[in-house]
Amino acid sequence: MNKKESQRLDIVSTKPNYSSLEGFKRFWPFLKPVFFWLVLGVLLTIPVGGLDAAVASFLKPFMDNVMVEKDTEFAKQVPYIIVAFTIVQGICIYASNLVNTYVGARIATNLKKTLYKKLLQADISFFDKNTSGIVINRFAADADTATSGLVSNAKLFLSKFWSSVGLVCVLLYNSWQLCFIAVGVLIFLFIPISIVRKKVSKSIAKSVKSGTQLSTRYVETYSGIKIIKSFNLQKTLFEKFNVNVEELFKISMKMTRDTNWLGPVMHVVTAIGVAGVLYYGLHLITTGVITSGTFVAFIAALIMLYTPIKSIGNNYVGLQTSLLALERIYDVIDLYNVEEAQQDNQNRLEGIHKSIKFDHVDFSYDGRRKILKDISFEVPVGSKVALVGNSGGGKSTITALIPRLYELDSGKVMIDEHDINEYSITSLRDNISMVFQDNFLFDGTVRENLMYGNENASQDQIDFAIKSAFLDDFIKKLPQGLDTLIGERGLLLSGGQKQRLAIARAILKNAPVVILDEATSALDNKSEKVVQRALDKLMEGRTTIVIAHRLSTIMDADKILVINDGKLVEEGSHSELLEKNGAYSVLYNSQFAHKESATEEENS
Ligand SMILES: Nc1ncnc2c1ncn2[C@@H]1O[C@H](COP(=O)(O)OP(=O)(O)OP(=O)(O)O)[C@@H](O)[C@H]1O
């Protein structure tokens, strides 16, 4: 796999990639801020677990004093002591729940912040390679899965750990021989646990993959609903969904089959332990090695010890699920991205004074298929350069390289004779406004959407941008003017209005370089004219690179570059290129002829 391919997250690992120590080290940055609370939580679990042992150990004097020696003095105190102990235990349980929940929620929140930052910084190529379902699952759901499972299991494990330590001490104190039998049988539990571990890891990886596909289906349905309805795709999509959801059902049933036998096996193993203790205990009592009180206390402690072990099966799957989710999180955190890798000491780009230059640029999206081949050209400051050429030729790709949305394979893109890699990415992008064919609007009001162009824009600046984009009449008619909600994806706006809002946003950004990617090709003639006028306002006094299919909009460009199949085949002004009678002239004549024949058809 080459570097450009290495960002795919759909390959879910089935084997743990980290040793426990490595895993802990990686988790440390998230544990550190809550370490005090974590220690407090652990300390609070000591009395919770330890008091179980205390309760069990009271049974011995109770039995021996009352039953055997008929001395009730101490026994009378025991019920009060037990109630007092359990009250203390209850308070500790409450406090430890509170502290542990705080620790878990804090870690999950910090993990989500780290992951979201990572998502915002991820290279565009990451989004080309990973589906929306992957993003939702890997960046949001995994943080909850990892922490909720880890915290609940750690809480359970810790409290049971301390109670087990206490109970084993009680067992040892009462009879080391019986303790040997009781604890010895537990060794047999390691075999089924390791079998389950392997099977569960595989199933969890499969279920993550299926769950991801399911999430993608939901997102696709949401964003593609118009196409789904107009092509009557409901049945097709439902069938695909059906396959995914049934697969998930099968995986979860398999997981249940693979793991649920662990419970009964634990039951049998612990029962063998109890049976062994009873068998040998009888011998020890009859030979006078232990008293009956000792024996009763021993059995009580043993039952308490075995109870959590029997539920290990269920907890184990939860724990394994969380650990694997944590590993997937590490995969995401380890993803390389250009923004994060950048040095802090990079120069800020403060405007453009000379030119934007492509110097022998080669580019591929996947490291294999070359999209741009040896592209060299210069855009002098303040000029308007147009990119034309065949569909899929690489025009949009060229424009994406200027704000470093993708990294080059070789060659250089330069601003004012400096490689753009020398400037900080933020400052580079601050200097460029892009208007696309399909402009994304955020959920919120018209004003909020405009102000994404400039968060500190004054009312005067906003008014100017609206006027320049010919949006003032439209906004006056909106029920709440600038503060009208336009909804996610700007559904309340027409195509042309959306375009003009995007142009107003770009005007507000006031960047010296403007890149227009086929900004008017989706519009009808009337809207195109208004949008074109708005674009002219945006381009005024700025360095502009325009991609256009309609040559009529770029005939006045200072320079036209013809890009065919990733190569720059011609360069010059409209009249120079027509004179050359080459690729541009073919393109121009085909459009012109097309227009003429269309007009003839209309006239006839
Ligand atoms: N994100 C991407 N990942 C992989 N390949 C891509 C990606 N975007 C574009 N391509 C490929 O790169 C080539 C050039 O695409 P590009 O969009 O730059 O062409 P274009 O000249 O702008 O086309 P059009 O005029 O049709 O918009 C095409 O073959 C396309 O399939």
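**Ligand shell, sheet and overall form of a predicted model**

Q: Which residues are around the ligand?
A: This is a predicted model. The residues around the ligand include one run from Ser 391 through Gly 392, Gly 393, Gly 394, Lys 395 and Ser 396 to Thr 397.

Q: How many residues of the shell around the ligand are polar?
A: Two residues of the shell are nonpolar and two are charged. The number of polar residues is six.

Q: Which strands stand at the edges of the open sheet?
A: The open sheet has four strands in the order S2-S1-S4-S5, with antiparallel pairing. A strand at the edge has a single partner strand, so one side of it is left without a neighbour in the sheet. The edge strands are S2 (370-380) and S5 (418-419).

Q: What is the bridge partner of Met 414 in S5?
A: Strand S4 covers residues 410-415 and runs antiparallel to S5, joined to it by two bridges. Met 414 has its bridge partner in S5, and that residue is Asp 419.

Q: Is Cys 169 buried, partly exposed or exposed?
A: Cys 169 is in helix H5, residues 132-174. A residue needs 20 or more other C-beta atoms within 10 Å to be buried, and 12 or fewer make it exposed. Because Cys 169 has 15 C-beta neighbours inside 10 Å, it counts as partly exposed.

Q: What distance separates the C-alpha atoms of Cys 169 and Ala 301?
A: Cys 169 and Ala 301 are 132 residues apart along the chain. Their C-alpha atoms are separated by 9.5 Å.

Q: How many Å separate the centres of domain 2 and domain 3?
A: Domain 2 is made of 347-431 + 544-604, and domain 3 is 432-510. Taken over C-alpha atoms, their centres are separated by 27 Å.

Q: What radius of gyration does the protein chain have?
A: The C-alpha trace spans about 120 × 50 × 45 Å along its principal axes. A compact globule of 604 residues would have a radius of gyration near 25 Å. The protein chain has 35 Å.

Notes: Residues numbered from 1 in each chain as written. Predicted model: local features only at pLDDT ≥ 70, side-chain atom pairs only at ≥ 80, totals over all residues. Near = placed C-beta within 6 Å. Nonpolar A, V, L, I, M, F, W, Y, C, P; charged D, E, K, R; others polar. Domains from an automatic or database assignment. Pairing = 2+ DSSP bridges. Rg over C-alpha atoms; globule rule 2.2 N^0.38 Å.
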